[in-house]
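Subject: Handover of a structure and its findings

Dear colleague,

Please find below the structure that I am handing over to you. I would ask you to keep it open while you read the notes that follow it.

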Amino acid sequence: MPDPAITVERIPELGPERFAEITGGLDDPFETDGLGLQWAEKPVHYVARAEGRLVAHAGLVDVPLTVGGEDHVAGGLGTVIVAAGMRGRGLARLVVGAAMDHARVEGKDFGILFCLESRVGLYARLGWTLVDGEVTARQSDGDVVMPIRTMWIGLRDGASWPAGPVRLRSLPM
Ligand SMILES: CC(C)(COP(=O)(O)OP(=O)(O)OC[C@H]1O[C@@H](n2cnc3c(N)ncnc32)[C@H](O)[C@@H]1OP(=O)(O)O)[C@@H](O)C(=O)NCCC(=O)NCCS
């Protein structure tokens, strides 16, 4: 259980200073710079604070996609980060849960995220499921096959991810 002194709130934007408050200014905290991808801005931000200091963040963006011949707009989760000294206390669970509650209230059927293999276990603990097969996303010079893992979560009772290739009609998040 997270410390009761930790609070979660939505903030209007993250910005480089708040981001650095969480990362401690670490270069490439997601270890994805080497992929050379363009990422979507996230307009919705949930943060956790401990004694006033920002210690965790999860971002959310609408992601239009086609899967199994169906068009959906999923809640795209990204920029999930917990301050180094605060990990292992349930803070990722808190801020990811807040972002997914937001997407659910908006009426989204699914959440979707991209992550490195080493983060799959975390999201599986939070109820996410791996997507099998090819996933493409937009870049400024055309579509790219995503080189990292894709996971989904249902946001309403009975929501089931359709089989088949996934085509994001937006940048990845
Ligand atoms: C990945 C990260 C966000 C996890 O944050 P955290 O606050 O330590 O995660 P939590 O404490 O909320 O963990 C939630 C659950 O996942 C588990 N978990 C956390 N990291 C895990 C991992 N790498 N593999 C397997 N399980 C993991 C925890 O044990 C916990 O399980 P429980 O609630 O059933 O006990 C944090 O390590 C981080 O900021 N890393 C650098 C940035 C990053 O990689 N972000 C993710 C980009 S996709």
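I begin with the ligand, where a backbone N or O atom of R89 lies 3.4 Å from an oxygen atom of the ligand. Taken alone, the ligand exposes 930 Å², and the protein buries 72% of that area. Please bear in mind throughout that this is a predicted model.

A polar backbone atom of V80 is 2.7 Å from a nitrogen atom of the ligand. In the case of R87, a polar side-chain atom lies 3.4 Å from an oxygen atom of the ligand. In total, 21 residues surround the ligand, and the closest are V80, G88, R93, R119 and R125.

As to annotation, the UniProt record, an unreviewed entry, places the feature "domain: N-acetyltransferase" at residues 9-151. Within the model, this span is 21% helix and 41% strand.

Is K42 buried or exposed? Its relative accessibility is 11%, and the limit for a buried residue is under 20%, so K42 counts as buried. Leaving aside residues up to four places away in sequence, K42 touches G59, L60, V61, G78, T79 and M173. One of these, V61, is 19 residues from K42 along the chain, yet the C-alpha atoms of the two are separated by 4.9 Å. The side chain of K42 also takes part in polar contacts: with the side chain of T79 there is one of 3.3 Å, and the backbone oxygen of A40 is reached at 3.0 Å.

Finally, I considered the aromatic rings. A pair of such rings is described by the distance between the centres and the angle between the planes. Counting rings whose centres lie within 6.5 Å, the model has five aromatic pairs. Why is the pair W152 and W161 described as stacked? The ring centres of W152 and W161 are 6.0 Å apart and the planes meet at 20°, so the pair is stacked, the limit for this being under 30 degrees. Both W152 and W161 are buried. Ring pairs also link these two residues with F110 into a cluster.

Yours sincerely,

A colleague

Conventions:
Residues are numbered from 1 along each chain as its sequence is written. This is a predicted model: local features need pLDDT of at least 70, side-chain atom pairs count only at pLDDT 80 or more; totals for chains, interfaces and linings use all residues. Side-chain values use heavy atoms; hydrogens and water are left out. UniProt positions are given in the numbering used here, feature names are shortened, and annotations may be inferred rather than shown by experiment. Helices (H or I, at least four residues) and strands (E, at least two) are DSSP runs, numbered from the N terminus. Rings of Phe, Tyr and Trp (its six-membered ring) pair if their centres lie within 6.5 Å; planes under 30 degrees apart count as stacked, over 60 as edge-to-face and the rest as tilted. Buried means under 20% relative accessible area, exposed over 50%, partly exposed in between (1.4 Å probe, protein chains only). A residue is near a molecule or strand if one of its heavy atoms lies within 4 Å of it. A polar contact is a pair of N or O atoms within 3.5 Å; within protein, one must be able to donate a hydrogen and the other to accept it, and residues adjacent in sequence count only if both atoms are side-chain atoms. Accessible areas come from the Shrake-Rupley method with a 1.4 Å probe; for residues, only the protein chains shown count as cover. Contact means heavy atoms within 4.5 Å.
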